[in-house]
Amino acid sequence: MDPNVMLGPLDQLGREVVAGVLVIEFVLFGLVVTNMLTRFLAYRRNVAEAAEEDVESLSRHPLHEATNVLLLLGTFYYTTYEPHGGIVLSMFIVGLVITDVFEHEVRSVDLRKDDKLRAPKGALGISVFTLAYAGFQSLFFLVSDYWGAIV
């Protein structure tokens, strides 16, 4: 089956918009930014839950988990159009999701030990790399003329 018509209406995300940039690249860039914002909201919610005395475990923020799933599915879909860029971005996203899982568990341990909750530093670090690569994939057309003149 032709990969350009695999998913019907969703295949419009593989359409070129500007200077060789696909719609899915802009969608993924927006999802990475949204994921960073929801990570902040999830951490703030966990801190508020930890301030309550009777809480035994922290809850996961549903919006943050939804952006994680959408990022995974989006990068796997992007890999059908751009194999190299999709695989690199999917490695960042898989690392990001794994880091989110482990940092949530660390915060749960901190809560059980009555320690101050640790900030999600690892997830923020990898999300910056993910944002940089997604930005490179989607926004490079803005600087491509200058980059070509230098290189």
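Below are my entries on helices, packing and salt bridges.

**Entry 1: ground rules**

I am working on a predicted model, where local features need pLDDT of at least 70, side-chain atom pairs count only at pLDDT 80 or more, and totals for chains, interfaces and linings use all residues. Residues are numbered from 1 along each chain as its sequence is written, and side-chain values use heavy atoms, with hydrogens and water left out. My helices (H or I, at least four residues) and strands (E, at least two) are DSSP runs, numbered from the N terminus.

**Entry 2: helix spans**

I looked up the helix lengths, taking the expected span as 1.5 Å times one less than the number of residues. For helix 2, with 18 residues, that gives 26 Å, and I find its end C-alpha atoms 26 Å apart, which agrees. Helix 3 has 30 residues and reaches 43 Å from first to last C-alpha, close to the expected 44 Å. Helix 4 (residues 121-139) has 19 residues and should span 27 Å; its end C-alpha atoms are 26 Å apart, which agrees.

**Entry 3: helix 1 against helix 2**

Two packed helices are described by the angle between their axes and the distance between the axes. My axes are lines fitted to C-alpha atoms, for helices over the stretch in contact, and the angles run from 0 to 180 degrees between N-to-C directions. Helix 1 and helix 2 pack at about 155 degrees, with axes 8 Å apart. They are therefore roughly antiparallel to each other (angles under 35 degrees count as roughly parallel, over 145 as roughly antiparallel, 65 to 115 as roughly perpendicular and the rest as oblique). Their crossing is left-handed, meaning that the near helix is turned anticlockwise from the far one by less than a right angle. (Contact here means heavy atoms within 4.5 Å.)

**Entry 4: helix 2 against helix 3**

How do the axes of helix 2 and helix 3 cross, and within what distance do they come? They come within 8 Å and cross at roughly 160 degrees. That makes helix 2 roughly antiparallel to helix 3. This crossing is left-handed. The contact includes Asn 68, Leu 71 and Phe 76 from helix 2, and Ile 93, Val 97 and Asp 100 from helix 3.

**Entry 5: who is buried**

I used under 20% relative accessible area for buried, over 50% for exposed and partly exposed in between (1.4 Å probe, protein chains only). In helix 2, the buried residues include His 64, Asn 68, Leu 71 and Gly 74. The buried residues of helix 2 pack against strand 2, helix 1, helix 3 and helix 4. I then picked out Asn 68, which lies in helix 2 and is buried at a relative accessible area of 4%. Leaving aside neighbours within four places in sequence, Asn 68 is in contact with Asn 35, Val 97 and Asp 100.

In helix 4, the buried residues include Ala 123, Ile 126, Tyr 133 and Gln 137. Their cover includes strand 2 (21-22), helix 1 (23-51), helix 2 (62-79) and helix 3 (83-112). Val 21 lies in strand 2, and at 4% relative accessibility Val 21 counts as buried. Val 21 and Phe 141 are 120 residues apart in sequence, yet 7.7 Å apart in space, C-alpha to C-alpha.

**Entry 6: salt bridges**

How many salt bridges does a search of the whole structure find? It finds five, counting a side-chain nitrogen of Lys or Arg within 4 Å of a carboxyl oxygen of Asp or Glu.

Asp 100 and Arg 39 form one of them, at 3.1 Å, N to O. This pair links distant parts of the chain, with Asp 100 in helix 3 and Arg 39 in helix 1, 61 residues apart. Are Asp 100 and Arg 39 buried or exposed? Both Asp 100 and Arg 39 are buried.

Next I checked Arg 60, which is partly exposed at 33%. Arg 60 meets Glu 65 in a salt bridge at 3.9 Å, N to O, and Glu 65 is partly exposed at 29%. Arg 60 also meets Glu 105, at 3.4 Å, N to O. Glu 105 lies in helix 3 and Arg 60 in the loop between helix 1 and helix 2, so the pair ties together parts that are 45 residues apart in sequence. Glu 105 is partly exposed too, at 37%. Salt bridges that share partners join Arg 60, Glu 65 and Glu 105 into one network.
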